[in-house]
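Trainee: I have a structure open and I would like to learn how to read it. Can you take me through some features?

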Amino acid sequence: MQVSIGDTAPDFTAMTTAGSISFHDWLDGAWCVIFSHPKDFTPVCTTELGAVSKLMPEFERRGVKIIGLSVDPVEDHLRWIEDIEEVTGSAPHYPIVGDVDLAVAKLYGMLPRTAPGTAFNRTAMDNATVRSVFVIAPDKTVKMMLTYPMSTGRDFGEILRVIDSLQMTAKHKVATPANWRQGDDVVILPAVSNSDAAEMFPEGWKQPKPYMRLVRQPA
């Protein structure tokens, strides 16, 4: 199965560091970030899990739930959490899925369905593609997907930026241009007529090209 933007995020039941969860029930109408890891006790992933823990107030302020996944048993996750706290100064208090049988990794297309074995006979390199981020909307659809190489730590400030864009554009008929940050101008969607745009944005807009209408970010 290949998951794409716009698909319903596949449901699953799994054991996590917070106990067994049924994913769709756990979402409960919230935004969500899933981020995955190829193996416990790996250096880059250790820094990432701690970084997300430190950013939890920012995710919570945006109404976003966090769930991690790693291709190892929950018992290993619990020992790893101790290392994460020691190294980064912050212990993850969000659930981390123990994907021992690779079921969730395969369900989300991070590994091929034919991938052999379990967590116990595979290395981090075998699972190198299990370094993905999925942003899921309250309607359970996948809104963003990114996959990172093992050598490059993820930039969770960028994930927050994407969430800000997704949440704003879900409410307003605009899109965000390259390198957009909070407070920057946004783009009126091409499908919005000028007459409708005039009602939505009575202060007007800049139009450097016929197909480009830049307007102040909606409140």
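Trainee: In which sense do strand β1 and strand β2 pair, and over how many bridges?

Mentor: Keep in mind that this is a predicted model. Now the general idea. Strands of a sheet pair through backbone hydrogen bonds, either parallel or antiparallel. Here β1 covers residues 13-16 and β2 covers residues 19-22. They pair in the antiparallel sense, over four bridges.

Trainee: What joins β1 to β2?

Mentor: A hairpin does, through two residues.

Trainee: Which strands form the open sheet, and in what order?

Mentor: Four strands do, in the order β8-β9-β11-β10. Their pairing is antiparallel.

Trainee: Which strands lie at the edges of that sheet?

Mentor: Look for strands that pair on one side only. In this sheet those are β8, at 174-175, and β10, at 206-209.

Trainee: How many bridges join β10 to β11?

Mentor: Two bridges, and the strands run antiparallel. Strand β11 covers residues 212-215. Check K206 as well: its bridge partner in β11 is L214.

Trainee: And where do side chains point along a strand?

Mentor: In a regular strand the side chains alternate between the two faces of the sheet.

Trainee: Now the pocket. What is the volume of the largest pocket?

Mentor: General idea again. Rolling a probe the size of a water molecule over the atoms shows where empty space is left. In this model the largest pocket has a volume of about 170 Å³.

Trainee: Which residues line the largest pocket?

Mentor: Among them are R61, R62, D164, H172 and Q217. M168, P218 and A219 also belong to the lining. By class, the lining has three nonpolar, four polar and three charged residues.

Trainee: Which helix gives the most to that lining?

Mentor: Helix α6, residues 156-171, with three residues.

Trainee: Let me step back. How many helices and strands does the chain have?

Mentor: Seven helices and eleven strands. The C-alpha trace spans about 60 × 40 × 30 Å along its principal axes.

Trainee: What percentage of the residues is buried?

Mentor: Buried residues make up 49% of the 219 in the chain.

Conventions. Residues are numbered from 1 along each chain as its sequence is written. This is a predicted model: local features need pLDDT of at least 70, side-chain atom pairs count only at pLDDT 80 or more; totals for chains, interfaces and linings use all residues. Side-chain values use heavy atoms; hydrogens and water are left out. On a 1 Å grid over the protein atoms alone, a cavity is a set of points where a 1.4 Å probe fits but cannot get out, and a pocket is an open set with protein on both sides within 12 Å along at least five of seven lines; lining residues have an atom within 4 Å of a point. Grid points are joined across faces, edges and corners, and a volume is the space filled by probe spheres set on the points. Ala, Val, Leu, Ile, Met, Phe, Trp, Tyr, Cys and Pro count as nonpolar, Asp, Glu, Lys and Arg as charged, and the others, Gly among them, as polar. Two strands pair if DSSP finds at least two bridges between them. Buried means under 20% relative accessible area, exposed over 50%, partly exposed in between (1.4 Å probe, protein chains only).
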